Amino acid sequence: MVERLTSTSTNETLLKYINNNLTKFNDLTIKLASGEKLTSISDDPTAAVNILNTKRQVNQLNTFKGNITLAMSSLSNQDSVFNLAESFAQKARDLAMQASTGTYDKSALEGIKSGVDEIINTLSDIGNNEYNGNYTFAGARSKTVPYTVEKDAEGNFTVTYNGSKATSNYQKKTEISDGVFETVNVTGDQVFGYYEKVQTEDASGHKLFKDASDNEVYYNEAQEKYFYSSDDTEYTGAVSDLTKIYNQAEDASGNKKFEAADGAYVFYDGASYFYENGDAYTGDVSELNKVYEYNSSGTFGAICELSSSLGRMIKAMENSNSDVQQVAEQSIRNTLDKFSAGINNISTVQTKFGGVLNRLEMTNNTIQTNELQLTEYLSNLKDLDFSSAITDWMSAQYAYQASLSAMSQSMNMSLLNYM
Amino acid sequence: MSLSSALNISARALTVNQYAMDVVSNNIANMNTEGYSKQRVNLGTVTNKISIGESVERQIKADNGVQLESVTRYNNQFLKNYYRSQNSYSGFLAQNADLASQLDKIMNELSGTGLDAMLSNFYDALNNLNEYPTDSTARVNFIENAKSLVAKFSSLTEELVATSGNAMGDGTRGSMESSMAYVAINDMNAKLDELAEVNGTLKRVQTGSLEANNLLDKRDKILNDLSEFYDFNVEENKNGTVKLSLGSMVLVDGENVKGKLEMVLPSEFYGGDDKVPEGSPNAIINVVDSEGSVVYKNINDQMESGKLGALVQAEKDDNGRLTAAKVVEQLDLLANAIGNTFNQLQTREGAYCLNNTWSELEKSTTPLFVGGFTETLEDGSTVTTFKASDIRVNSEIENHLNLIAAAYFSDPSKVDKQAIGNSDNVIAMLATRNDKNVTGLDGQTFEEFYTSLVGKIAVQTSSGSTAADAQAEVVSSLKNQITSETSVDLNEELTDLIKYQSAFAAAARVFNVCNSCFDILVSLGS
């Protein structure tokens, strides 16, 4: 303890304490006003770093939550699309079943065929489902209409799939937790299939086209250019003027396949036309229609085959060709298995997505729990405990007031007052 | 014994007590003067020189009485010296804490507008781009967030660079002359002049006088002020003058200023910009004499205490201390890592962007970030280095949003130009958020690297200000101790005043009595 006390030193000491009290009071007032424990990172470096890390985690969790919500709504949209597609495929299969019994007359079969044709259009509309501005089943070609349906002069359907193929290995992924990506799409070819004519290729594997004046043009993929097959000069016309050349179907010995007016198949070996059983075709060659080679897959493959088989059967009935009628009936029966496989494709994907949906829901729950805990932790770190802060603030206020009044009282005291 | 002797004694007592009251009044007048020490009158009895063998009567008759021996000031030299060395240390710590808190303010991340938040927004935008790779809104959003990120980088470095020039300037004259060290040196030089002047006056006045004491107080105050700048060596002479030296360099001796500090640019010091060695500080301190010629060259290394020491060492990054320049270096590392990582993904083999009609994919060759410095290595490959101050978002991408490479094909044979919805490259970009193998970041992700940098700054500031506060407390308690030992107490002075007043009154009464005795004697004769 200091031996001598002077008015100056007493005043200075008192002033220092008043100042301390004022600082404490002021700090608490600022904290109360801002509601934050820390006003600067150096107030508590450990807490500051924790706050930054936790804030980032909460932020990330929010992003994941957003992603999951988006993915879940996209998946449930796909689920209802699958349900719809399945019911139409089932309906088409029922029609195939009825047609394959051989008990229907021509007009009834025509009715069935028009029903089947309608379903083809409906299914392609379903396959062209749009969600959130993108085509759901077009894979990475999200802005390309995935299915186009064409009906040729003979009433045969082609259902072309324009989206990116399952074999392109592209999957739309969304991040659902740190570094975990979940696939949330499926390409149309995988789930609904297609029924496309096979485009002819030349010996070097280049796809062939015809220009407006029927000259053959091939496409060089590496150079991304079109050339004339005859002299390898570059085709400079509009690409939209080109039409694809398709493979004609052939039998095992390489004879070209045609269809006669009564639905019977006719083959051409380069010299003469003959029926499947070897009998010469005596009809008009101009009445023969080319039969094309098709790539067929899934529900669309089954339903398009059904439609063309029904067409053949009706033609056979018109011409009372019972042989062809039997063959067509058999091929209708064959589509039943293909339908089953097609429907199975859809339900497999549906089941898979059901699993994904469950996983997303689970992750979402985990995220919500985590978020709750982290938010609480964050709040513990940075938010002020008001009840204790106010108590502290009140006592700081009292302390400050007390020191002020002590100072004012003691400063008056000196010998001067008594002289 | 004679009447006149008593008269003389009382007359002297009147003078002495009046002088004592002068001192008291001086004390009271200066009770609030900073650095003033209470002075007290030392009285003594007058003793006559009496030869041995003189009669007792003669001895009694001798002219005794009171006399003024000296006026001394209350002083505790040891405490004052101790105070000065502690004050130097406090100046050093306070200046350091002040410099550190400047970093702290710049890197304050709690507001939610720091680099950390920008990085987080950037990744959010990337995540959004993954959902909508062909959507122009998502692309604009991504580019805008990338721009905010690099803007934050550049504003941070700008502030940090400005801060790093606060202490010693940034190597230009204008900046040096407005630096904290320059201002401090000017203040200090002025104090050296004052000290020399006080020394000069002290030489001429008599020690133990009121005037000498006042000068000593003034000298002590100057020394206290000087101690804040540097822990100078002070040698006191008998007459109260001091010799002040910085280490072994004498700055003030008696009434002469032997040396003043001067700050020069390194280019001036070494005689040309090209001759400045690598790692040279932004300003160099010399000691010059009164004619302006250099006495001691480049004393930067000796400046290690006080405020000046802290300022000179501010940009030295020894002991792993984070200086503003060091923080800029760390930000450069981060900016470089981000720039190169994203450019690599943006332009790698297999990365595809949209063509200008947004209808098909084409090979991506446009980098996302530009502004780096590219050098070609011996083997012909190029390395681009980004700096936080220069990294920018490529304006070509900003103007042609289709150039953002969202698509990626790992297998070149499976490239599908119509697959514009492919966002595999965005996914790869998203994955960088958790990548701990980024070159140059010591096994940390971008965000971890930055957070740990902020943490280091926070710890540094916090420990710096704790140390400074503790030292300030030491200094303040020392100061308080000195004040209580040396300052004026009103009660004491009033007591003294009454004491001397009574003595004065009593002496006057004695004088009066003697006077009337003379009157009686004179009337006897008439």
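**Reading strands, helices and a chain contact**

Student: Which residue of E11(B) stands opposite Tyr352(B)?

Tutor: Tyr352(B) has Lys363(B) of E11(B) opposite it. The model is a predicted one, in which local features need pLDDT of at least 70 and side-chain atom pairs count only at pLDDT 80 or more, while totals for chains, interfaces and linings use all residues. Residues are numbered from 1 along each chain as its sequence is written, and chains are lettered from A and ligands numbered from 1 in the order in which they are written.

Student: How many bridges join strand E10 of chain B to E11(B), and what is the order of the sheet?

Tutor: Strands (E, at least two residues) and helices (H or I, at least four) are DSSP runs numbered from the N terminus, and two strands pair if DSSP finds at least two bridges between them. Here three bridges join E10(B), residues 351-354, to E11(B), and the two run antiparallel. The open sheet has three strands in the order E11-E10-E16 of chain B, with antiparallel pairing. E11 (361-363) and E16 (407-408) of chain B stand at the edges with a single partner strand each, so one side of each is left without a neighbour in the sheet.

Student: Which strands stand at the edges of the four-stranded open sheet in chain A?

Tutor: That sheet has the order E10-E9-E8-E11 in chain A and its pairing is antiparallel; the edge strands, each pairing on one side only, are E10 (225-228) and E11 (243-244) of chain A. Two bridges join E8(A), residues 207-210, to E11(A), and Lys210(A) stands opposite Thr243(A).

Student: Are the residues of strand E7 of chain A buried or exposed?

Tutor: A residue is buried if 20 or more other C-beta atoms, placed from the backbone, lie within 10 Å of its own, exposed if 12 or fewer do, and partly exposed in between. In E7(A), residues 194-197, Tyr194(A) and Glu196(A) point one way and Tyr195(A) and Lys197(A) the other, and all are buried. Four bridges join E7(A) to the antiparallel strand E16(A), residues 294-297, where Ser296(A) stands opposite Tyr195(A).

Student: At what angle do helices H4 and H14 of chain B pack?

Tutor: Axes are lines fitted to C-alpha atoms, for helices over the stretch in contact, and angles between N-to-C directions run from 0 to 180 degrees; under 35 counts as roughly parallel, over 145 as roughly antiparallel, 65 to 115 as roughly perpendicular, and the rest as oblique. H4(B), residues 115-131, and H14(B), residues 446-486, pack at about 170° with their axes 10 Å apart, and they are therefore roughly antiparallel. The contact (C-beta atoms, placed from the backbone, within 7 Å) is made by Leu115(B), Asp116(B) and Leu119(B) of H4(B) with Phe446(B), Glu447(B), Tyr450(B) and Thr451(B) of H14(B).

Student: How many residues of chain A are in contact with chain B?

Tutor: There are 46 residues of chain A in contact with 46 residues of chain B. Helices H1 (7-34) and H2 (45-100) and strand E5 (173-177) of chain A are the elements that give two or more residues to chain A's side, and H2(A) gives the largest share, 11 residues.

Student: How far is chain A spread out?

Tutor: The radius of gyration is taken over C-alpha atoms, and the globule rule is 2.2 Å times the number of residues to the power 0.38. For chain A the radius of gyration is 41 Å, well over the 22 Å that the rule gives for 419 residues, so the chain is more spread out than a compact globule. Its C-alpha trace spans about 150 × 55 × 25 Å along the principal axes, and 31% of its 419 residues count as buried.

Notes. Two residues are in contact if their C-beta atoms, placed from the backbone, lie within 7 Å.
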